[in-house]
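Here is a short tour of one protein chain. Look over the sequence and the fold, then read on.

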Amino acid sequence: ELLANTQLDSRQKIYADTIHKSGSALLTIINDILDFSKIEAGKLELEKAPFDLRACVEDVATLMTARAAEKNIDLVTRFQPDLPMSLIGDGGRLRQVITNLVGNGIKFTESGYVMIAVSGEVCGEHVRMQIDVKDTGIGVEEAKLAKIFNAFDQADSSTTRKFGGTGLGLSISKHILEAMGGEIRVQSTLGAGSTFS
């Protein structure tokens, strides 16, 4: 990042950007492996602190906007208007899950959009939230849907070669959401996109 902010010619700029993207990709892999190790050891700890769900979702959208723009994909957020956004829970871990799902949506979408939609209902002192991340990407075959939340599994081995990734993101997301008392589901149509809820 420091090098990219200096005066570089166009070739040097490409090299600096490549180094930066490679470093970010390696950091993601290391963080995934560390998180997975914590989960396997039963050491995943969740915080209970106030956080703003709207800010959490909009932070993810801001972070991912450049990646979506590179592919000419729209990134859209939608919130149910009557839903309280000030919550108590682990906003950081929830942001991690949403980032993972939006990142996958962008990765596997060549045209169209990725949308984050927040809905839910108030149940006394609790709010039951549903966060849908919908894309218009390549989709997943129905026969392969059952295993995409397994560690190191992706829809098929060619997915890893073509799109990259460790195959840990969805498994980690599943464990985080289950630790929060939630769940993760997917609906997908091959060639028409997926919705992770």
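S194 is buried, with a relative accessible area of 5%. Here buried means under 20% relative accessible area and exposed means over 50%, with partly exposed in between (1.4 Å probe, protein chains only). S194 lies in strand β7. Helices (H or I, at least four residues) and strands (E, at least two) are DSSP runs, numbered from the N terminus.

The model is a predicted one: local features need pLDDT of at least 70, side-chain atom pairs count only at pLDDT 80 or more, and totals for chains, interfaces and linings use all residues. Residues are numbered from 1 along each chain as its sequence is written, and side-chain values use heavy atoms, with hydrogens and water left out.

**Around S188**

Which side chain does S194 join in a polar contact? The partner is S188, at 2.7 Å. A polar contact is a pair of N or O atoms within 3.5 Å; within protein, one must be able to donate a hydrogen and the other to accept it, and residues adjacent in sequence count only if both atoms are side-chain atoms. S188 sits in strand β6 (residues 186–189). The side chain of S188 also reaches the backbone oxygen of G193 at 3.3 Å. A polar atom of that S188 side chain lies 2.8 Å from the backbone nitrogen of V140.

V140 belongs to the loop between β5 and α4. The C-alpha atoms of V140 and A179 are separated by 26 Å, and the two residues are 39 apart along the chain.

**An aromatic pair**

Rings of Phe, Tyr and Trp (its six-membered ring) pair if their centres lie within 6.5 Å; planes under 30 degrees apart count as stacked, over 60 as edge-to-face and the rest as tilted. By this rule the count is one aromatic pair. F149 and F196 form it, edge-to-face, at 6.2 Å centre to centre and 85 degrees between the planes. The pair links distant parts of the chain, 47 residues apart: F149 is in the loop between β5 and α4 (157–163), and F196 is in strand β7 (residues 193–196).

| Residue | Relative accessible area | Class |
|---|---|---|
| S188 | 18% | buried |
| V140 | 12% | buried |
| F149 | 12% | buried |
| F196 | 10% | buried |
| N72 | 67% | exposed |

N72 is found in the loop between α2 (53–70) and β2 (74–79). Its phi is near 60 degrees, a positive value in a residue other than glycine.

**Helix α3**

α3 has 17 residues. From its first C-alpha to its last, α3 reaches 24 Å, close to the 24 Å expected at 1.5 Å a residue. The expected span is 1.5 Å times one less than the number of residues. Of the 17 residues, 13 are buried, so α3 is largely enclosed by the rest of the structure. D90 caps the N-terminal end of α3: a side-chain oxygen lies 3.3 Å from the backbone nitrogen of G92.

**The second largest pocket**

On a 1 Å grid over the protein atoms alone, a pocket is an open set of points where a 1.4 Å probe fits, with protein on both sides within 12 Å along at least five of seven lines; lining residues have an atom within 4 Å of a point. The second largest pocket is lined by 29 residues, of which V127, R128, M129, M180 and G182 lie nearest its centre. The elements that give two or more residues to this lining are β3 (86–89), α3 (91–107) and β5 (126–135). The largest share, seven residues, comes from β5.
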